Amino acid sequence: MGEFLSFIGQNLGDFWTYTGIYNATWQHFAMIAIGIFFIYLAVAKEFEPMLLIPIGFGMLIGNIPFNMDAGLQVGIYEQGSVLNIFYQGVTSGWYPPLIFLGIGAMTDFSALISNPKLMLIGAAAQFGIFGAYIIALALGFDPMQAGAIGIIGGADGPTAIFLSSKLAPNLMGAIAVSAYSYMALVPVIQPPIMRLLTTKKERVIRMKPPRAVSHTEKVMFPIVGLLLTCFLVPSGLPLLGMLFFGNLLKESGVTRRLAETARGPLIDTITILLGVTVGASTQASEFLTVDSILIFCLGALSFIIATTSGVLFVKFFNLFLKKDNKINPLIGNAGVSAVPDSARISQNVGLEYDPSNYLLMHAMGPNVAGVIGSAVAAGILLGFLL
Amino acid sequence: MNKNKFGILSMLLAVVVAFASCKPAVEGEETGSKILINEILMTNETNFQDDYGMHSAWVELFNKSYGSYNVAAHLLKYSDTPGDTAVYFIPKGDVLTLIQPRQHSLFWADGQPARGTFHVNFVFNPEKETWIGIYDSGNKLLNEVVVPAGILQADQSYARIQDGGNEWEVRGAGTDKFVTPSTNNLTLDKNVKMEKFQTQDSIGVGMAISAMAVVFSGLLLLYIIFRTIGKVSAWNAQRTAAKTKGLNEEETKEAMAKGSTPGEVFAAIAMAMHEMQEDVHDVEDTILTIHQTERRYSPWSSKIYSLREMPKK
């Protein structure tokens, strides 16, 4: 009997060493708290719920403590585990192009086609990427890591994941979470900068209504866009190719079913998998490092630089434009590719100063140009650094 | 196809052609084949041993592509006398003939094909000029190399300086040039690109300027093209509209000079017409009454939907 009880006791003792409670560290609880905070932001504040719910819950999944020496094959970093299989889409970089396919299939480039000079705002805002690159180098990151960190400033989660998986796979979790977090916090980060850099007079500039865009132009845009950008930067092909392909599916008018699948079930499925695995990749043992904290700080800086450069570029650009053709600098923030959040912010801030001045359509131009610009920038970084 | 569409398509073609700059040809560059002969050792006295523990001559193939390449059913040919060529058929059915991306495969020139897939049916004669070629299953030459007579001593190899490169050298003669069977001919022990970045552009300004220049030029080109396309398209739309209205050439020019009516004007007209036709009453007396209905039955409480029906006997 005593032997039996000792056997049971030993088993229970072994079981205890496998529990999350036994293996928990303060880092696990810290990450779980961040995950719950993300879920709170998504549910209570409605900050990017489509991203923050999967990422926040993924953080909970990824930070359940377990005995890592037991070979249970449950952790995201354990080869052969289900989570690790899901994570392959991130590490091998095939989730982001599929997300771009869906983005292409749901994006209307009409605003950009009708007023193509807005593309230049999308280019100017990419300075956030290279500003953060310079600061990251100064903080001691090597050029490849600095490039991967800098891309956070593009405000494009899939691009950030794609580039960091190639340039700095060990920093990918921190970069992805940082990129998505700041994309969700765009409504908090951007408006004060926009107000600070513009005058009251500039904020009420009314822009010409966009002209109607013909079907031929809409069909030509993805074809010309792909040829131009990818001949210049072939390393951006996975992202730009899928973006323009998705857009052609939408605009051709003869592949409605394919376009609906790309912008509906496909992008939803990939968003779920991408969000939850990126969240789970923040396993405390791998994630809570000084580098991660630095990356978070650099991410915020890159967003600030991107917004600033977008707004200032519009002000500079206005110097060369006719009086009746000026651009409202409040759409400068939309040069970052957080579609359509940053465009929505242009609209909201614009309405604060003139309730009948609707900037959304105009802001969508630089916003989608930002998507193209950040993918081109990622291609350049890959070409330069890899 | 009308003139404008033809013009747009021509412009598209011109853009493509303008960007299709021809890659300058490098003399002696072998671009066609993914599989290359990479290194040859003709007399093996103390060098690499085969799986039988023998020191045999060898020829190394290199898959220069970034995808796997299967050399099964390929032909490895050797000749040191004009008109006399030995041919070795690389057998099918051996998984090891699949060469991984940027990896090597070694074939032993011991004249003992019965020893396995990687033992060929000929031996080298280092005294003579030697030609070796690899052919695909359709007998198409993929790559060839001529080893000059007498340049290789025992345990020396004739190898590309860099894997897949165009320049060859004799290896094994000194301490700095090693014979490298089944491995990289040039071992990269540092990241040259990164080191250059760290020394030449340690603060990253060069990268920022050049990368921003590329981003700007890409989007600037897109802007120029779509500005032109937009103008052509708007002009075309106005012309079509004028034709539909039956205007003559002068009236068409006049209408086009005025430009198109903004969409906002049409929206305002439509709204005014709608209000005129539909909203005849300024104020409607409306009483909204809400009655609570007593409905005890609801599909949610129905047992039909929650319980399985008993089978009838």
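Helix H12 of chain A (residues 172-184) has 13 residues and reaches 18 Å from its first C-alpha to its last. That span is close to the 18 Å expected at 1.5 Å a residue, where the expected value is 1.5 Å times one less than the number of residues. Helices (H or I, at least four residues) and strands (E, at least two) are DSSP runs, numbered from the N terminus. In H12(A), 13 of the 13 residues are buried, so this helix is largely enclosed by the rest of the structure. A residue is buried if 20 or more other C-beta atoms lie within 10 Å of its own, exposed if 12 or fewer, and partly exposed in between, with C-beta atoms placed from the backbone.

The model is predicted: local features need pLDDT of at least 70 and side-chain atom pairs count only at pLDDT 80 or more, while totals for chains, interfaces and linings use all residues. Residues are numbered from 1 along each chain as its sequence is written, and chains are lettered from A and ligands numbered from 1 in the order in which they are written.

Chain A comprises 21 helices and 0 strands. Its radius of gyration is 23 Å, close to the 21 Å given by the globule rule for 386 residues, so chain A is as compact as a globular protein of that length. The radius is taken over C-alpha atoms, and the rule is 2.2 Å times the number of residues to the power 0.38. The C-alpha atoms fill a box of roughly 95 × 45 × 40 Å along the principal axes. Of the 386 residues of chain A, 54% count as buried. Among contacts in chain A with a separation of 6 or more, 75% join residues 24 or more positions apart. Two residues are in contact if their C-beta atoms, placed from the backbone, lie within 7 Å.

The contact between the chains takes 42 residues from chain A and 36 residues from chain B. On the side of chain A, the elements giving two or more residues include helix H15 (215-232) and helix H21 (360-385). H15(A) gives the most, with 10 residues. This side divides into 30 nonpolar, 8 polar and 4 charged residues. Here Ala, Val, Leu, Ile, Met, Phe, Trp, Tyr, Cys and Pro count as nonpolar, Asp, Glu, Lys and Arg as charged, and the others, Gly among them, as polar.

The largest nonpolar core has 139 residues. Such a core is a set of buried Ala, Val, Leu, Ile, Met, Phe, Trp, Tyr and Cys residues joined through C-beta atoms within 7 Å. The residues with the most contacts inside it are A:Ile149, A:Ile175, A:Leu381 and B:Ala211. H21(A) gives the most to this core, with 14 residues. Leaving aside neighbours within four places in sequence, B:Ala211 is in contact with A:Phe130, A:Ala377, A:Ile380, A:Leu381 and A:Phe384. Another core, of 29 residues, lies apart and includes B:Ile35, B:Leu41, B:Ile90 and B:Val120.

Chain B is assigned domain 1 (35-188) and domain 2 (190-273), with bounds from an automatic or database domain assignment. The centres of these domains, taken over C-alpha atoms, are separated by 56 Å.

Two residues of chain B other than glycine have positive phi. B:Arg102 has phi near 60 degrees and sits in the loop between strand E6 (98-99) and strand E7 (104-109). B:Ser182 has a phi of about 60 degrees and is found in the loop between strand E11 (168-171) and helix H2 (192-200).
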